[in-house]
Amino acid sequence: MSETKTVWHKWPDEKPPELIQLLVTHRTDQGEVLIDTACFDPDEGWEGIIDVVWDVLAWAELPEPYKPD
């Protein structure tokens, strides 16, 4: 069995590639810590699928998509 390991990079210590979808760990206004997808634009900040993502703690590259045998 092959496993994909997620490598988290602490934000803002490590800057992500720009304008590609990434996994982000972030804190909500209610203090919940969640994982979502977002992309980083140096001019606009973090943008999620639905809205702007605030209080990003870390980011990681998306895993490879599933490939059926």
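**Figure 1. The residues lining the largest pocket divide into four nonpolar, two polar and four charged.** The structure is a predicted model, in which local features need pLDDT of at least 70 and side-chain atom pairs count only at pLDDT 80 or more, while totals for chains, interfaces and linings use all residues. Residues are numbered from 1 along each chain as its sequence is written, and side-chain values use heavy atoms, with hydrogens and water left out. The lining consists of His26, Arg27, Thr28, Asp29, Leu34, Asp36, Asp51, Val52, Val53 and Trp54 (nonpolar: Ala, Val, Leu, Ile, Met, Phe, Trp, Tyr, Cys and Pro; charged: Asp, Glu, Lys and Arg; polar: the others, Gly among them). A pocket is an open set of points, on a 1 Å grid over the protein atoms alone, where a 1.4 Å probe fits and protein lies on both sides within 12 Å along at least five of seven lines, and a lining residue has an atom within 4 Å of a point. Strands S2 and S3 each contribute at least two residues to this lining (strands are DSSP runs of E, at least two residues long, numbered from the N terminus).

**Figure 2. A search of the whole structure finds one salt bridge.** The partners are Asp55 and Arg27, whose side chains meet at 3.4 Å, taken from N to O (a salt bridge is a side-chain nitrogen of Lys or Arg within 4 Å of a carboxyl oxygen of Asp or Glu). Since Asp55 belongs to the loop between strand S4 (45–48) and strand S5 (56–61), whereas Arg27 belongs to strand S2 (residues 22–27), the pair ties together parts that are 28 residues apart in sequence. Arg27, which is also one of the residues lining the largest pocket, is partly exposed at 34% relative accessibility, and Asp55 is partly exposed with a relative accessible area of 42% (buried means under 20%, exposed over 50% and partly exposed in between, with a 1.4 Å probe and protein chains only). The backbone of Asp55 also deserves a look, for its phi is positive, at about 50°, although Asp55 is not a glycine.

**Figure 3. Five strands form an open sheet with antiparallel pairing.** The strands follow the order S1-S5-S2-S3-S4 across the sheet (two strands pair if DSSP finds at least two bridges between them). Strand S1 (9–10) and S4 stand at the edges, each with a single partner strand, so one side of each has no neighbour in the sheet. S1 is joined to S5 by two bridges, and here Lys10 has Ala58 in S5 as its bridge partner.

**Figure 4. Strand S2 pairs with S5 and with S3.** Five bridges join S2 to S5 in an antiparallel arrangement, where His26 stands opposite Val56 in S5; His26 is also among the residues lining the largest pocket. S2 is likewise antiparallel to strand S3 (residues 33–41), to which six bridges join it, and Leu22 stands opposite Ala38 in S3. Of the six residues of S2, five are buried, so this strand is largely enclosed by the rest of the structure. Together S2 and S3 form a hairpin with five residues between them, and Gly31, which lies in the turn, has a positive phi of about 90°.

**Figure 5. The loop between S1 and S2 holds both Pro12 and Leu19.** A cis peptide bond, with omega about 5°, joins Trp11 to Pro12. Leu19 has a phi near 65°, which is a positive value in a residue other than glycine, and Leu19 counts as exposed at 57% relative accessibility. For comparison with these angles, most residues other than glycine have a negative phi, and most peptide bonds are trans.

**Figure 6. Pro65 is found in the segment after S5.** This proline is exposed, with a relative accessible area of 57%. Leu34, for its part, is one of the residues lining the largest pocket.

Definitions and conventions. Helices (H or I, at least four residues) and strands (E, at least two) are DSSP runs, numbered from the N terminus.
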